[in-house]
Amino acid sequence: MVERRSFITVILPHIILIVGVAIVFFPVYLAFVASTWDPATIVNGQLGLMPGPYLIENYQRILFTGTSSSTREPVASMMFNSLIMALMIAIGKIIISIFSAFAIVYYRFPFRMTLFWIIFITLMLPVEVRIFPTYKIVADLGMLDSYTGLTIPLIASATGTLLFRQFFMTVPDELLEASKIDAAGPLQFFRDTLLPLSMTTIAALFVIQFIYGWNQYLWPLLITTKDSMQTIVIGIRKMITTQDALTEWQLAMATAMLALLPPVAVVISMQKLFVKGLVETEK
Amino acid sequence: MADVTLKDIRKVYPGGVEAVKGINFAIPDGGFCVLVGPSGCGKSTLLRMIAGLETITEGECRIGGRLVNEVEPADRDIAMVFQNYALYPHMTVYNNMAYGLRNRKTPEDEIRRRVAEAAKILAIEPFLDRKPKALSGGQRQRVAMGRAIVRKPQVFLFDEPLSNLDAKLRVHMRVEIKKLHTSLKVTSIYVTHDQVEAMTLADMIVVMSAGRVEQIGTPNEVYSRPESIFVATFIGSPAMNLLKGVVAGPGAVKLGETVLRVDTGGAAAGTAVLLGFRPDEAVLSKTGAARLDVSFVEELGPSRLYHGTLAGEEVTLQAPPHAADAKASLLCFDIPDRAMHLFDATSGRRIGA
């Protein structure tokens, strides 16, 4: 510690942090409170700061039955769709980008740098920019309303390739040379040495991409029409904008709370590896 | 075990840089050859070509009589110790040593036996279950050597293995490597820029400069009879003194106004030469013919270094503390005949015996 430990230096950072946490956490808490009341209380503006008596009822209904008016699917199946989508995107991205980075860093082939720059440039073309051509292709391939259609266009990832490339460049060449002398072929070097060393990078990328996949809105909105293929993010929006019935706010809020859980669980369970993967320099 | 023969080895990098310019020498079976030279002289490149990590542009590299130019590193029957150890960070010491054997489909009990044997030789038995991260530099270096030993290769290749260690440990590991070589008698090639390592370890020193061999010989030959100005100044610390002179006639060299009797070989009169002598071979005496104007003194403990000028040229003398006063401003000395080395100033090659 550089500074002297006085009242100010101990208390002030805590106050700042507590205020920061409160600002972020309060709306989430309010959403939780709303998810435990009945619609009448919310609509009448009588919602207090204390949770109400309808917690179990609301969550049970939304998870297994669904809302009455807007969506007919229960949230459990939406969560399942979102989970499949997020996992496929995260895992697919990791597999594709680790192999493309491996090729770019460890193999000498014609137009290696050109290809690298082409991958790099796709950073400037996120789904939103190329949405119409991508939609056309996916529609022509008959992949609308399917998991493949939901995930494949989002899997190609320049970010992942770059992250792995940067990591591979820090792995000393001598490790590759030692592997060569130890009679390990290129793919064996990948499996026995590079992959175990990349574990923290993989974890970091998994966390980022899982959340990216889970939070997708525009693409699933376009590509899914069937209720059975709906993701939870789309589900929440449909619950909030209803045509002629009252919005069932307590159910929308309960869904939002449920939607928060998987990303939070992923972050908490992989936090250690995640931070290590982003900051670790010692090999 | 095997001998290593290099014939007209050249390395030209794409882009035209010639790192190694035609190298010829042979290392006998069981020999310890040290490649020494300043950084960028091509010694590491040469070692890596023998290992198979760099392609050989031209020439022949034979290990045990077998031409290995096109052979994969794994099939050359060599083992290499790297400067930064290159241990697999995620594997235990045991697995680091066993990895190469497993890849060669060695039976598991044979691996256990060999690793145990190597661990015993290197005194790393207590660390077999640790990861390299939990080891000190010297211990990592031992593991790296262990990884080489378990393979029982025909040739050991060392690429500056001690330069990441601190000075004390370096001396210690140097002795260990020497002992190891004495007991295993495996042909070894060792690259270093440290002349002390080169002198102490080698049976055979190859002094390299700018991609060429300057001299090949035993440590004693290289030290006592340097073939060129480069070798004379590179080997030995402090470096050899060189004085400008001219051949005055057969067996006579003129330094300024003084004429010295030196073997001039076949050099014609008027040839510009450099006369070399080692700082510790000058004999201090009150009646000495040469006079050094001392500018400063370095205290080393067992001896002192007197830096000064002799007829306008920088000269260093090394003498034990009792031989002269630490504050002496003028030292008289003689150079014994056997301590004189004569070099052609233009070609840099040695003249005479």
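**Figure 1. B:Tyr85 in the loop between strand 6 and helix 2 of chain B.** In this predicted model, the phi of B:Tyr85 is near 70 degrees, a positive value in a residue other than glycine. Most residues other than glycine have a negative phi, and most peptide bonds are trans. B:Tyr85 counts as buried because 23 other C-beta atoms lie within 10 Å, where the threshold for a buried residue is 20 or more.

**Figure 2. The contact between chain B and chain A.** Chain B contributes 17 residues to the contact, and chain A contributes 14 residues. On the side of chain B that touches chain A, the elements giving two or more residues are strand 6 (78–81) and helix 2 (93–103) of chain B. Sorted by class, this side of chain B holds twelve nonpolar, four polar and one charged residues.

**Figure 3. The largest nonpolar core and a second, separate core.** The largest nonpolar core has 104 residues, of which B:Cys33, B:Val34, B:Leu35, B:Leu157 and B:Ile189 touch the most other members. Helix 2 of chain B provides the largest share of this core, six residues. When neighbours within four places in sequence are left aside, B:Val34 is in contact with B:Tyr190, B:Thr192, B:Ala198, B:Leu201, B:Ala202 and B:Ile205. A second, separate core has 30 residues, among them A:Met85, A:Ile94, A:Ala204 and A:Leu205. In soluble globular proteins, nonpolar side chains tend to be buried together.

Figure 4. Helix 10 of chain A comprises twelve residues (186–197) and spans 15 Å from its first C-alpha to its last, close to the 16 Å expected at 1.5 Å a residue.

**Figure 5. An open sheet of six strands in chain B.** The strands follow the order 13-12-11-14-20-21, with antiparallel pairing. Strand 13 (258–261) and strand 21 (350–351) of chain B are the edge strands, each pairing on one side only. Strand 21 of chain B is joined by two bridges to strand 20 (residues 341–344) of chain B, and the two run antiparallel. B:Leu342 has B:Ile351, in strand 21 of chain B, as its bridge partner.

**Figure 6. Strands 16, 17 and 18 of chain B.** Strand 16 (residues 290–299) and strand 17 (residues 304–310) of chain B run antiparallel and are joined by six bridges. The bridge partner of B:Asp293 is B:Thr309 in strand 17 of chain B. These two strands form a hairpin with four residues between them, and B:Gly301 in the turn has a positive phi of about 105 degrees. Strand 17 of chain B is also joined, by seven bridges, to strand 18 (residues 313–319) of chain B, again in an antiparallel arrangement. Here B:His307 stands opposite B:Thr316 in strand 18 of chain B. The hairpin of strand 17 and strand 18 of chain B has two residues between the strands, and B:Ala311 takes a positive phi near 50 degrees.

**Figure 7. Backbone features at B:Pro238 and B:Ala123.** B:Pro238 lies in the loop between helix 8 (229–234) and strand 11 (241–249) of chain B. B:Ala123 belongs to the loop between helix 3 (108–122) and helix 4 (137–149) of chain B. Its phi is near 55 degrees, a positive value in a residue other than glycine. B:Ala123 counts as exposed because it has 11 C-beta neighbours inside 10 Å, where the limit for an exposed residue is 12 or fewer.

**Figure 8. B:Thr55 and B:Lys11.** B:Thr55 lies in the loop between helix 1 (43–51) and strand 4 (58–63) of chain B. With 10 C-beta neighbours inside 10 Å, B:Thr55 is classed as exposed. B:Thr55 and B:Lys11 are separated by 44 residues in sequence, while their C-alpha atoms are 7.8 Å apart in space.

Methods. Residues numbered from 1 in each chain as written. Chains lettered and ligands numbered in written order. Predicted model: local features only at pLDDT ≥ 70, side-chain atom pairs only at ≥ 80, totals over all residues. Contact = placed C-beta atoms within 7 Å. Nonpolar A, V, L, I, M, F, W, Y, C, P; charged D, E, K, R; others polar. Core = buried A, V, L, I, M, F, W, Y, C linked by C-beta atoms within 7 Å. Expected span 1.5 Å × (residues − 1). Pairing = 2+ DSSP bridges.
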